[in-house]
Amino acid sequence: MNIAVVGLSHKTAPVEVREKLSIPETNCEWAISQLKSYPHIEEVSILSTCNRLEIYLVTSETEHGIREVTQFLSDHSKLPVGHLRPYLFTLLHADAVMHLMRVSSGLDSLVLGEGQILAQVKHCHKLGQQHSGIGRTLNQLFKQSIAAGKRVRTETSIGTGAVSISSAAVELAQMKVQNLAPHRIAIIGAGKMSRLLVQHLLSKGAIDISIVNRSLERAQELANQFPDATLHLHTMADMMSVISHSNIVFTSTAATDPLIDRAKLEMALEPGQPLMLIDISVPRNVAADVSDVPHVQAYNVDDLKAVVAQNQQARRQMAMEAEALLDEEIEAFEAWLRSLETVSTISSLRDKVEAIRVQELEKALSRLGSEFGEKHQEVIEALTRGIVNKILHDPMVQLRAQQDIEARRRAMQTLVTLFNLETTSEKQFG
């Protein structure tokens, strides 16, 4: 079995491509089922966020498995494989393991060290288990990667003051207007990203904030988390009216089609009325054509890179500390994987030697006759077990310790041949 990851991120693809490949949680079960139906995919898990879509897989045949995932992404996005391929990255085995650990630790994020990605990796792991995509290998990889993410955040200071996408969006607004206090601000959506938006807006001095959401109950739940703030709550039916009375609008919903476009804005805004739109959703909530409306400034997640760049330098040294911790976590996973690969050979060797021990012991006891005491039989039983365990100890330790994959497989093949073992390893090596 081989581990691989196929995907795209803010580093490889613009938002207009990423949004076509986004897989919302409601479609996750279907997507995992589709991928598992391919002949060469044994395990699969899908990490879909505003900045990345990554498919982790365990495949019996690497080249075929990657081709199947690529075809799935093409079918899902309705982009021809030839058009899609330049935006995709593929990482195999050790590189795939390292990548997930870096992602969990916030080292691959648009905002270096951001904390939200670890919760998203945990959720990805949970969904993969829930929908029967994750088996033994990916389960261990995700557990180790989540542990790595926690270690990086507790044993280094990379998360101290680390900004999220939401706080970067608020920083961008503040850069443009200097003082947020006099501005009427609206947030479309009431999920986790919106909660972070409210938190950062209040910390920067904003006082006039409206929340627009499909469910008024969900908006109220968000407002309850900020009892000292006065948040104005509205349903989506009032969205354009709220926007028309706002100076700055943030959008963060799970909608798959744009909620705001040029036609709606032109109907809602007075001629020459200024408006700043900051869309942190993928797929985008704001259509590209709003930029054609006079006096409207529109930004999306890709526009946050300049804001984020200002915060990166201070955390680069911390990232180097984090990489050293990841090396330890990667080695722990590799050791587990090595032990897993040797289980079949070691088990077969132990079974064969144990069968020989029992057979020869029975012969010896039968020759000694019935007058041979039970206590003496126990001593001989313990003696033969001790001899077998001591003989097997060094081969097993050496086999598990082999770090080079090919050297380990040659050693297993040698054991299989020399001891004439019947094991599933024969299929691997032959």
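Helices (H or I, at least four residues) and strands (E, at least two) are DSSP runs, numbered from the N terminus. With that in hand, here are the close-ups, and every one of them shows a predicted model.

**View 1. The chain is divided into three parts: domain 1 (2-162), domain 2 (165-309) and domain 3 (341-426).** Taken over C-alpha atoms, the centres of domain 1 and domain 2 are separated by 29 Å. Their contact draws twelve residues from domain 1 and 13 residues from domain 2.

**View 2. Domain 1 and domain 2 bury about 1,300 Å² between them.** Carbon and sulfur atoms give 63% of that area. Three residue pairs are in polar contact across the interface of domain 1 and domain 2. On the side of domain 1 that touches domain 2, the largest share comes from helix α1 (residues 15-21), which supplies four residues. Sorted by class, this side of domain 1 has five nonpolar, four polar and three charged residues.

**View 3. Two salt bridges are counted between domain 1 and domain 2.** Here is a pair to look for: Arg18 forms a salt bridge with Asp302. The closest N and O atoms of Arg18 and Asp302 are 3.0 Å apart. As a reminder, side chains of opposite charge can pair when their charged atoms come close.

**View 4. Arg52 and Asp108 meet through their side chains in a salt bridge.** The N to O distance for Arg52 and Asp108 is 2.9 Å. Arg52 is in strand β3 (residues 52-59) and Asp108 lies in the loop between α5 (94-104) and α6 (116-130), so the pair ties together parts that are 56 residues apart in sequence. The count of salt bridges in the model comes to 18.

**View 5. UniProt, in an unreviewed entry, lists residues 6-156 as "domain: Glutamyl-tRNA reductase N-terminal".**

**View 6. A cis peptide bond runs from Val282 to Pro283.** Omega for the bond from Val282 to Pro283 is near 0 degrees. To find the spot, go to the loop between β9 (275-279) and β10 (296-299), where Pro283 lies.

**View 7. Gln178 has a positive phi although it is not a glycine.** The phi of Gln178 is about 70 degrees. You will find Gln178 in the loop between α8 (165-177) and β5 (184-188).

Conventions. Residues are numbered from 1 along each chain as its sequence is written. This is a predicted model: local features need pLDDT of at least 70, side-chain atom pairs count only at pLDDT 80 or more; totals for chains, interfaces and linings use all residues. Side-chain values use heavy atoms; hydrogens and water are left out. Domain bounds come from an automatic or database domain assignment. Contact means heavy atoms within 4.5 Å. Buried area is the accessible area (1.4 Å probe) that two parts lose on being put together, summed over both. A salt bridge is a side-chain nitrogen of Lys or Arg within 4 Å of a carboxyl oxygen of Asp or Glu. A polar contact is a pair of N or O atoms within 3.5 Å; within protein, one must be able to donate a hydrogen and the other to accept it, and residues adjacent in sequence count only if both atoms are side-chain atoms. Ala, Val, Leu, Ile, Met, Phe, Trp, Tyr, Cys and Pro count as nonpolar, Asp, Glu, Lys and Arg as charged, and the others, Gly among them, as polar. UniProt positions are given in the numbering used here, feature names are shortened, and annotations may be inferred rather than shown by experiment.
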